[in-house]
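I opened the notebook on this one with two things to look up. My notes follow in the order I took them.

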Amino acid sequence: MKSLVTRAALAFAVGALTIATAAFAQQGSDPAAVKASIAHMTLAPRSIGFGTVKKVETRSIKVKNNGNADANVTVVAPVAPFSITEGGGSYSLVPKQVQIVSVQFAPTAAGPASQEMAIQCANCNPASDEIITIHLSGNARAPAATPTTTSAGTPTATPTATMATATPTATIATATPTATPSQGTSSNALPFSVTAGPYNVPNQGLASISVCATGTSNCTIVNDVLIDTGSFGLRIFGSQINGLGINPNTDGGSEVGECAFFGSGSTWGAVSTVDVNIAGEPTITIPIQVIDDTNAFAPAPRDCTQGTQLMSSPSETGFNGLLGIGEVSNDLIFTDYFDCSAERCSSLNNPPNADVVLNPVSSFPIDNNGVVVSLPAIPASGQEATIGTLYFGIGTESNNHPGAVKTYSQDSNPNDESYLDVDTVYKGTTAGGFFDTGSNGYFFNDSSIDECSDGSGYYCPAATLSESATNKSVSGSVSGAVTFKVANADDLSSNDSAFDNLGGTYDGSSAYDGFDWGLPFFFGRTVYLGMQGTSSSLGAGPYAAY
Amino acid sequence: MKIVSIAARKLTLTALLAGCLLAAAVSPVRAGLGGDATSIESDAAAMQGKLSQAPKLEQEQSATSNQSAPYSVHTFVSGNGATVREYAAPAGPVFAVAWQGRRPPDLSVLLGSYYAEYTAASQPKRHANLHHAVITGPNSIVVMGGHMGHLVGRAYVPSLAPSGVDPKAVVK
């Protein structure tokens, strides 16, 4: 039944973004056949910490093919002050072969440096092997190497991404905020990919972050974390951080559990305080939700299961975790907390501050007043993959200063039904609108547009429609029209994963009653989302500006 | 202010549990979607809500005839704060339900005998979507969405709607 789909594996290393198409053999439906010949890449360690150095230092990792077919490995070279001295480039590893990859840290200036180095395996299975990132970090009291023209202090060329096989000549432009950024090399810039991802879901912005057991070097890179401006807090499936020694937080002897509610279902699991590294931001130590997909925690209480259904696994949801970076600093008023024993849970109505899941952005020391989401424009026919950048902070660094944008203030009253919404007028009716990278389409009700016959709720007009809606600030008079296209969802290419014209019904009613500006809205735009309780040159949050 | 609302929630959650037990003992066999209009009060009780007003009689002008088709709309707020509306034919079953709030209402009550369809049907993987779901069963359609903090949902059974009433058009 299960067909293996050709998927785009995507790697990002600072200064060079490469997309390689995973060349899966067609192995049919026989699980035994799948087992028969696979390449399986393992790496150890997953991070290299050089510590504080006084001279040029070199450390190594081992890359091993633990499968029983040759593995086609590519080590994407990091940029200065890191470089590969051994085991770089592309090569094939026979089963059981081990390759040493050595990384040199040659700082040309004092201060900390960190980077994600990508090691790809074009034909590995499971999919999580296809791109593994190695976190490189080091610190220098003084320059340990002679500066070169590509020294750490000089922004490198704008990253480019090239398709390895499908469209060899295509170069994917990366969008930039109006102010010229030193893209990719900045500590507050998190590249994310819109690809089919390991779970083959369209229009998902996925990034990699690092999670460690607090105060230890027990760390792992979690890939395919969904960038979600429609929620607040970091949530990771437990299966992705197994074995690091991350335990539930305790509250007077009980373990703290949480249920969070989303449009499509709920997440259940323990609250655990962990160390998180996102882009090059300083390590933050924050409570996150560990979504329990391994039955490691107490069973979900009825309050969590009576409503919408639980999200049960990465393969069901299409992501390994959720990076909830919307306009609120924590999730306290939106979710339910519990005191749990191994077997059962009771409501925890006033959880200690230390156990409340925090929006990671609010926890950054400087870049904490909002986010900037930037995605390049894509063809109307869709694109196999593209790369966006999430910048932390608004006007806090050289790369996140707003250009000429309109700022739409959002409802700031938590008691309002329209909390965090702007006003969106569609065909003469006003309803709440919100900007949500975690939704994969434009969702709004319009009974004049045909829905697809598969019951999916996506729109399938006979011909692509050009529509228009007007966003308005909830306070003040700022107003601006948005034109957008709605294509026939059934006609969109299954080879592509990025679409700027996917639309669907919002809630199944005929009447227009809300507008979810999902990921399609962000293509070709740089969107600034201001955190409530903070301000920037664009005003006081919560707001959306573009 | 936060503390007050949390305390209130604690109270309602406790009461909700009690209400569930109580309702289980007295509610008619069929309730929620597909249940009799008379079952709506027990739905409200089961969800620790109270019918906030007398049912409102609404009419939809039939597209195919000049006759107007009446139905009633019953509204209550559930114990966890969701606003729930049930749509019933005058002497017939509940053919549509709608909700909105920070938390979803108890769908095992609200979807009634169609809850099993909802839990059994899975949407195509290609359509997996964090903030939006359409679950189409053999008889029922459930659509939900929204961002964290504001969730909406509608469910209806087309075959139960009074003649001349389009459940999709009336459920709001």
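**Entry 1: where the chains touch**

I began with the contact, which takes 50 residues from chain A and 45 residues from chain B; two residues are in contact if their C-beta atoms, placed from the backbone, lie within 7 Å. On the side of chain B that touches chain A, H1(B) gives the largest share, 7 residues. By class, I noted 20 nonpolar, 15 polar and 10 charged residues on that side of chain B (Ala, Val, Leu, Ile, Met, Phe, Trp, Tyr, Cys and Pro are nonpolar, Asp, Glu, Lys and Arg charged, the others, Gly among them, polar).

A reminder to myself: this is a predicted model, where local features need pLDDT of at least 70 and side-chain atom pairs pLDDT 80 or more, while totals for chains, interfaces and linings use all residues. Residues are numbered from 1 along each chain as its sequence is written, and chains are lettered from A and ligands numbered from 1 in the order in which they are written.

**Entry 2: strand E20 of chain A**

Helices (H or I, at least four residues) and strands (E, at least two) are DSSP runs, numbered from the N terminus. Next I asked which strands pair with E20(A); pairing needs at least two DSSP bridges. I found E15(A) antiparallel to E20(A) over 4 bridges, with A:Ser210 bridged to A:Asn277. E19(A) is also antiparallel to E20(A), over 5 bridges, and a hairpin of 4 residues joins the two. With E21(A) I noted 8 bridges, again antiparallel, and in their hairpin A:Ala279 takes a positive phi near 50°.
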